[in-house]
Amino acid sequence: MTLNGTPRRVTTISPTPPSTPRLRMQPTGSRRTLLDGGWWPRSTDPVAELPGLILVIDRLHGPITRLVLSSAGWTDHPRRLGVAGRLLRFGYFTSQPASLLTALIEDSDRVDLLVVPPGTAKRTADAALAMAASSDNRVHAQDILHTVGIPAPAGADHAAQDSWEGEGGDLTAAPRVP
């Protein structure tokens with residue numbers, strides 16, 4: 001909705017208290033891996049799920065200034081969320097894998113988390129969270145999900161692959177040369 005041609009900026013505030021996130025992170029200060037840990041939300045509602053996660057990351061790493069999320073996998077896409085008396089901005093991108101959440105921290109740091117789909121079986125989710133939080137992990141978020149047997153959501157995580165294949169990266173389609 002616009003007012004005098006200017007888009008209205010709507011700030012969303014969760015009607016329920018923040019839940020305790022199902023989160024597993026490696027010790028702070030370890031930057032040798034691709035991921036800082038993993039998160040297993042209970043639903044695909046960002047307003048219900050993100051406030052608790054934001055508060056924990058704030059406490060461990062410092063204040064978050066912005067969240068980068070995939071446009072796939074969430075039931076809604078609020079751009080601004082009020083949490084603990086401050087405003088956070090969210091960016092939803094088709095190029096961001098559905099299995100990755102990036103939190104930008106006030107001091108120019110960042111936290112990258114594996115996002116395990118909400119309906120995942122506990123044993124499988126625990127394996128994915130453990131791998132993501134391992135200090136020697138060198139596996140990308142979407143590959144962790146595949147490794148532990150979690151299928152990719154329909155239409156998710158394909159943007160990067162489509163781009164790669166469009167640049168000639170799909171060797172399986174290339175003709176065999178004798």
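**Exercise 1.** Which residue forms a salt bridge with Asp-126, and how far apart are the closest N and O atoms?

*Solution.* The model is predicted.
Step 1: The partner of Asp-126 is Lys-122, with the closest N and O atoms 2.8 Å apart.
Step 2: Both residues belong to helix 2, 4 residues apart, or about one turn of the helix.
Step 3: Lys-122 is exposed at 54% relative accessible area, while Asp-126 is partly exposed at 32%.

**Exercise 2.** Check the span of helix 2 and find where its buried residues lie.

*Solution.* 
Step 1: Helix 2 covers residues 122-133; at 1.5 Å a residue, its 12 residues should span 16 Å.
Step 2: Buried requires under 20% relative accessible area. In helix 2 the buried residues are Ala-125, Ala-128, Leu-129, Ala-132 and Ala-133.
Step 3: Viewed down the helix axis, these buried residues fall within an arc of 125 degrees, so they line one face of helix 2.
Step 4: They pack against strand 4 (23-25), strand 5 (37-39), strand 10 (110-115) and helix 3 (141-147).

**Exercise 3.** Describe the salt bridge between Arg-86 and Asp-58 and the parts it ties together.

*Solution.* 
Step 1: The closest N and O atoms of Arg-86 and Asp-58 are 2.0 Å apart.
Step 2: Arg-86 is in strand 8 (residues 86-93) and Asp-58 is in helix 1 (residues 46-61), so the pair ties together parts 28 residues apart in sequence.
Step 3: Asp-58 is buried, at 17% relative accessible area; Arg-86, at 26%, is partly exposed.

Notes. Residues numbered from 1 in each chain as written. Predicted model: local features only at pLDDT ≥ 70, side-chain atom pairs only at ≥ 80, totals over all residues. Heavy atoms only, no water. Helix = DSSP H or I, 4+ residues; strand = E, 2+ residues; numbered from the N terminus. Expected span 1.5 Å × (residues − 1). Buried < 20%, exposed > 50% of the residue type's maximum accessible area, 1.4 Å probe, protein only. Arc of directions from axis to C-beta. Contact = heavy atoms within 4.5 Å. Salt bridge = Lys/Arg side-chain N within 4 Å of Asp/Glu carboxyl O.
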